[in-house]
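Open the model in your viewer and keep the selection panel at hand. We will go from the whole chain down to one residue pair.

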Amino acid sequence: MPEVILNNSPISARQDQNILELAREHDIEIPALCYHPALSPAASCKLCAVEVKTPDKPFQIKLACVTKVKPGMEIKTESAAVYEARTTAFNTLIRYAPESEAIRDLARKFSIDLGPTPDECIRCRLCIRVCKEVVGADALGMEKRGSENFVVPKEGNECIGCGTCANICPTGAIKMKDRDNIRYIYIRDEIISQNPLLRCEACGKYFATSKFLNLVQQREREAQHPELKEQHNYCPTCAKLLSDKTKLSP
Ligand code: SF4
Ligand code: FES
């Protein structure tokens, strides 16, 4: 039975045992995603890096799943060099699978920061600017979470559900969905607003939120729009058809 030192404790290992199994038997956690005891090891994830010293060689980084214990071996599962090797391996894996929560959870467990989960947002702030400068609702802002800024709904925001942010977003990070008579605007899994939709008075289709139509009417009143005679809630298609018809009639 090989006698080894694992994290400063002398222990006995089984013949031909690999370091990963030895550590697990002693409740020492080493991240490992590509290892399965029933299969031959492939050493592909590279997460199981540990530092190993043998009687004839100084400490060096080895993969625990493919390194067999040897008598007199000294093994460190936590050290600056191990942390660095793990960080590199985690960053390689997250490039392959950027949205993998399994990888992110495991990295967090070993205190490795992989940055934010991609949310399609390039932080151009077009959505924030248009909402403030053109719509006037000022419903969106930036918030620092961890090391990154994120577009978020402002607290107590007055989103009117116009969808201008979703339309202007160059990457489609902000989404707008009309389901039944509700318009949802959201980014990632965060709802920015859910507003009831009104039906077009001509065709009956749900087409805009009441808050948005109120704003349009208020702006028209303020501008004393010359064509403003009667307030109607027509969808853009019906509004055009009806206006063309008015122009054609004698
Ligand atoms: S959500 Fe879209 S518009 Fe807003 S900052 Fe991100 S990429 Fe730009
Ligand atoms: S567990 Fe993946 S390389 Fe060791």
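What percentage of the 250 residues of the protein chain count as buried? The share is 25%. Keep in mind that this is a predicted model.

**Whole chain.** Select everything. The protein chain holds seven helices and eleven strands. Its radius of gyration is 30 Å, well over the 18 Å from the globule rule for 250 residues, so the chain is more spread out than a compact globule. Now consider contacts between residues at least 6 apart in sequence: 47% of them join residues at least 24 apart.

**The sheet.** Next, select strands E8, E9, E10 and E11. These four strands form an open sheet, in the order E8-E9-E10-E11, with antiparallel pairing. Color the edges: strand E8 covers 174-179 and strand E11 covers 206-209, and each pairs on one side only. Look along the sheet for its twist, which averages 35° from one strand to the next.

**One pairing.** Six bridges link E8 and E9 in the antiparallel sense. Strands of a sheet pair through backbone hydrogen bonds, so display the backbone here. Pick Asp178: its bridge partner in E9 is Arg183.

**The helix across.** Which strands does helix H6 lie across? They are strand E10 (190-199) and E11. Helix H6 runs at about 65° to E11.

Definitions and conventions: Residues numbered from 1 in each chain as written. Chains lettered and ligands numbered in written order. Predicted model: local features only at pLDDT ≥ 70, side-chain atom pairs only at ≥ 80, totals over all residues. Helix = DSSP H or I, 4+ residues; strand = E, 2+ residues; numbered from the N terminus. Rg over C-alpha atoms; globule rule 2.2 N^0.38 Å. Buried ≥ 20, exposed ≤ 12 C-beta atoms within 10 Å, placed from the backbone. Contact = placed C-beta atoms within 7 Å. Pairing = 2+ DSSP bridges. Axes fitted to C-alpha atoms, helices over the stretch in contact; angles between N-to-C directions.
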